[in-house]
Amino acid sequence: GRQQQQGGGRARGGRPRRRSRCHRPSGSRAPPLLPARSARSQPRRPAPLPAAPAGPRQREQRRRRRPSACAGRPSSAMGQKGSSVNSLKRKHIKELMIQTHFTAEEIETLYAHFRSIASSQTDDGYIDRDEFREAIGLAESLFVDRLFQLFDENNDGVINFQEFICGLSILSIRGTLEEKMLFSFRIYDFDSDNKISNAELTSMLKTSLLENGVQFTPAQIELIIRSTFEEADANGDGYIEFDEYKRIVQDHPSILSNMTLDLPRILEHRLELAKQQQQHAAAGSSASISSKRMSVQSRG
């Protein structure tokens, strides 16, 4: 019996021994549960159906969700704390020429302008809120706060050069109508929900009236707000969306009157002030040298 079991692997009576399902020879691998499929035998996934063409409203929403070309792309030489960089690298200038409406010479001039503003109170390579307010020459107001918040794209409480020049590009005379409309719309849209509420428009209107010294009664302000919504809120949902805002701006272009800055005049004024400061510094140093020479001569 043993010889039969050892030699032929048969049990008593000549019947073949049945192996256990869990038994496998030592050193052998268990067969896979499923046979491996070749690349050809695998079923192909159905091709995705073509997306339906987006309408004007969907295209506008996608465009508005897309980050700004200037946002979120800080460069190493553009606004680091403690930065003492006096000039921009050629690569950075080329990038900004693509992202903004400025030439290379204008970008270099604006960088010098930025550095003078950023160092007016604290020389940290950034423009804080007080430095920004003094630079644009406006008093404390909600409008100044909103302007600063829109320039400060990454919401870190300061403006670096990237944010500075991109904001100026929109407000410059070369800024497109679409850019200016979206920028002005965002001024009213406090909570960034892509629509202007009654409360947001009321707050900004009261601030504008106060800054211009115009006295309106609460009833008059409410009447202005109501008539504005009756004209702008086409779908009657109680909000002014960007498409509705664009139609209002086209009918009343004066809404964008504050959305264009005379940058050449501002830069000329800034350069003139810089020249005067250099002349005063040079005069002071020459006077100091002359006084030292006179004191030496008197001692001799």
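Mentor: Contact here means heavy atoms within 4.5 Å, and helices (H or I, at least four residues) and strands (E, at least two) are DSSP runs numbered from the N terminus. This is a predicted model, where local features need pLDDT of at least 70, side-chain atom pairs count only at pLDDT 80 or more, and totals for chains, interfaces and linings use all residues. Residues are numbered from 1 along each chain as its sequence is written, and side-chain values use heavy atoms, with hydrogens and water left out.

Trainee: OK, which residues in helix 6 meet helix 9?

Mentor: Leu142, Phe143 and Arg146 of helix 6 meet Ser203, Met204, Thr207 and Glu211 of helix 9. By class, that contact has three nonpolar, two polar and two charged residues (Ala, Val, Leu, Ile, Met, Phe, Trp, Tyr, Cys and Pro count as nonpolar, Asp, Glu, Lys and Arg as charged, and the others, Gly among them, as polar).

Trainee: And at what angle do helix 6 and helix 9 pack?

Mentor: About 120 degrees, with the axes of helix 6 (residues 142–151) and helix 9 (residues 198–211) 9 Å apart. Axes are lines fitted to C-alpha atoms, for helices over the stretch in contact, and angles run from 0 to 180 degrees between N-to-C directions.

Trainee: New topic: where does Asn155 lie?

Mentor: In the loop between helix 6 and helix 7 (161–171). Asn155 has a positive phi of about 55 degrees, though it is not a glycine.

Trainee: Is Asn155 buried or exposed?

Mentor: Exposed, with a relative accessible area of 63%. Buried means under 20%, exposed over 50%, partly exposed in between (1.4 Å probe, protein chains only).
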